[in-house]
Amino acid sequence: MLNNLENDSIFTPEQVLENRGRVAIFIDGSNLFYAALQLGIEIDYTKLLCRLTGGSRLLRAFFYTGVDRTNEKQQGFLLWMRRNGYRVIAKDLVQLPDGSKKANLDVEIAVDMMALVDSYDTAVLVSGDGDLAYAVNSVSYRGVRVEVVSLRSMTSDSLINVSDRYIDLEAIKEDIQKTPRQSYPYRVIDRSLAPIGYLEDPRESDSQQIEMQD
């Protein structure tokens, strides 16, 4: 399959967009969080949705995340997401023997990609997890184009190899980041909760410090 079609002389960016048809977006919230942390940016989810849709017809945008039911700030964020174009799929965090907490949503992403395969023409997968390569390859054989969007240093080669187009988050970070009103540090108290705890309520001030609560 062809990768990086925007750099291929055979296809112009306009031709790529024209051929996308109906688009379904699948976002691995944990993977996106760590990518944003590496890039030193805070994601603007309205901008992200517009950038990933790219003017094409959107079927649905799914956002998969681990959830702490006692975290009010996170609950506010997820409510905002539901009301602003995203279908949120949440899974309770499970405490591991080492004390860390995790929620793996690879199965949910793969199942949804397969279940809806006849309803969309292009899948946009925001994840670098190689465990999703089999699902991506499977929907490709059903005639779907798959675009993978993730940070290159956090992306499995096996996932890129089965995609039709790969987009490095580094290349589009200016299009999807919040415009800060002032500089402020990211402070991570418990990294095991990072994928869910950093999510501040978008209705609150951007100048608020981002931290995670147990």
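## Glutamate 147 and its surroundings

Setting aside residues up to four places away in sequence, glutamate 147 touches Arg20, Thr122, Ala123, Val124, Leu125 and Arg165. The model is a predicted one. Glutamate 147 belongs to strand E7, which spans residues 145-150. With a relative accessible area of 1%, glutamate 147 counts as buried, because the cut-off for that class is under 20%.

One of the contacts listed above, Val124, is also a pairing partner: valine 124 has glutamate 147 as its bridge partner in E7. Strand E6 (residues 122-126) and E7 run parallel and are joined by five bridges.

## The sheet

E6 and E7 are part of an open sheet of six strands, in the order E3-E2-E1-E6-E7-E8. The pairing in this sheet is parallel. The edges are taken by E3 and strand E8 (165-168). Each of these has a single partner strand, so one side of each has no neighbour in the sheet. From one strand to the next, the twist averages 15°.

Helix H2 (residues 29-39) packs on the sheet. Its contacts are with strand E1 (22-28), strand E2 (57-67), E6 and E7. The direction of H2 makes about 70° with that of E1.

Is alanine 90 buried, partly exposed or exposed? Its relative accessible area is 26%, and alanine 90 is therefore partly exposed, a class that lies between the 20% and 50% limits.

Alanine 90 touches Thr65, Val67 and Arg69, not counting residues up to four places away in sequence. Glycine 66 is 24 residues from alanine 90 along the chain, and the C-alpha atoms of the two are separated by 5.6 Å.

## Helices H3 and H8

Helix H3 (residues 45-53) and helix H8 (residues 169-176) have axes that come within 9 Å and cross at roughly 125°. The crossing of the two helices is right-handed.

Which residues make the contact? On H3 they are Lys47, Leu48 and Arg51, and on H8 they are Ile172, Asp175 and Ile176. Divided by type, the residues of this contact are three nonpolar and three charged, with no polar ones.

Methods. Residues numbered from 1 in each chain as written. Predicted model: local features only at pLDDT ≥ 70, side-chain atom pairs only at ≥ 80, totals over all residues. Heavy atoms only, no water. Axes fitted to C-alpha atoms, helices over the stretch in contact; angles between N-to-C directions. Helix = DSSP H or I, 4+ residues; strand = E, 2+ residues; numbered from the N terminus. Left-handed = near helix turned anticlockwise from the far one by under 90°. Contact = heavy atoms within 4.5 Å. Nonpolar A, V, L, I, M, F, W, Y, C, P; charged D, E, K, R; others polar. Buried < 20%, exposed > 50% of the residue type's maximum accessible area, 1.4 Å probe, protein only. Pairing = 2+ DSSP bridges.
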